[in-house]
Amino acid sequence: MEHTNLILIRHGQSEYNLENRFTGWQDIDITKTGKQEARKAALEIKDQRIDIAFTSKLIRAQHTLQIIQEVCGWQDVPVVINKALNERSYGALEGKDKAEITKEFGEKQVWLWRRSFDVAPPGGESLKDTYNRVIPYFKQSILPCLLQSQEVLIVAHGNSLRALLMFLESLSPAQILQREIETCVPLFYDLSEDRLQRLK
Ligand SMILES: O=C(O)[C@@H](CO)OP(=O)(O)O
């Protein structure tokens, strides 16, 4: 094996994304726009080969993956569901309006909760906590597939994917502050065997 492909996709727009509310572990479905975004993402990756797909336990990611599978004709591709890929928990902030929380606590604090590496929202997970469940799962269950030359699709969430790309791209806590992941914009990684071995 010389190299293999990994594609990461954040779910389509959810009802809470539309309403500008913190979502986290709330199991909120995608909107009509979210479904359209999933179809568009599918058309962008349709010519790829995918051998196995991974997703979270949350409906917005699973639903996005189902649409991608339908559009691409990948209904037979095995799907592995694991809560390790769930969005970060936003604890007490879940369901709350992001603008109202910003008014109450200030932009700086909300920015730290949303984008810093190690500041956890009350009762929730920091990105570091999320990283500490996503990366062991990636190493244990996804990396072996890539090492066997399987082409892998992961459909997950803004912050579980930020944790993963921090690992894949060796980003520092300062660098990850700046990274945003858009809904349904596929991220492609062409991984050499050498690089995969170093991720072990
Ligand atoms: O609310 C959430 O769960 C996430 C993703 O939608 O929001 P944020 O971009 O603020 O981390």
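These legends describe close-up views of a predicted model.

**View 1. Helix 2 and its buried face.** Helix 2 covers residues 32–45. Its 14 residues should span 20 Å at 1.5 Å a residue, and its end C-alpha atoms are 20 Å apart, which agrees. Gly34, Glu37, Ala38, Ala41 and Ala42 of helix 2 are buried. Seen down the axis of helix 2, these buried residues fall within an arc of 140°, so they line one face of the helix. They pack against strand 1 (3–10) and helix 3 (59–72). Lys32 and Leu43, on the other side of helix 2, are exposed.

**View 2. Helix 3 and what covers its buried residues.** Helix 3 has 14 residues, which should span 20 Å at 1.5 Å a residue. The C-alpha atoms at the ends of helix 3 are 20 Å apart, in agreement with that value. Its buried residues are Arg60, Ala61, His63, Thr64, Leu65, Ile67, Ile68 and Gln69. The elements covering them include strand 1 and helix 2, along with strand 2 (52–55), strand 3 (79–81) and strand 4 (152–156). Glycine 73 follows helix 3 and has a positive phi, near 70°.

**View 3. The contact of helix 4 with helix 5.** Helix 4 (residues 98–105) and helix 5 (residues 107–115) pack with their axes 7 Å apart, at an angle of about 125°. That angle makes helix 4 oblique to helix 5. Helix 4 contributes Ile101, Thr102 and Phe105 to the contact, and helix 5 contributes Glu107, Gln109 and Val110. Of the residues in this contact, three are nonpolar, two are polar and one is charged.

**View 4. Asparagine 20, a loop residue with positive phi.** Asparagine 20 lies in the loop between helix 1 (15–19) and helix 2. Its phi is near 60°, a positive value in a residue other than glycine. Is asparagine 20 buried or exposed? Asparagine 20 has 11 other C-beta atoms within 10 Å. A residue with 12 or fewer counts as exposed, so asparagine 20 is exposed.

**View 5. Cysteine 184, a loop residue with positive phi.** Cysteine 184 is found in the loop between helix 8 (173–176) and strand 5 (187–192). The phi of cysteine 184 is near 55°, which is positive in a residue other than glycine. Cysteine 184 has 26 C-beta neighbours inside 10 Å. The cut-off for a buried residue is 20 or more, so cysteine 184 counts as buried.

Definitions and conventions: Residues numbered from 1 in each chain as written. Predicted model: local features only at pLDDT ≥ 70, side-chain atom pairs only at ≥ 80, totals over all residues. Axes fitted to C-alpha atoms, helices over the stretch in contact; angles between N-to-C directions. Helix = DSSP H or I, 4+ residues; strand = E, 2+ residues; numbered from the N terminus. Parallel < 35°, antiparallel > 145°, perpendicular 65-115°, else oblique. Contact = placed C-beta atoms within 7 Å. Nonpolar A, V, L, I, M, F, W, Y, C, P; charged D, E, K, R; others polar. Expected span 1.5 Å × (residues − 1). Arc of directions from axis to C-beta.
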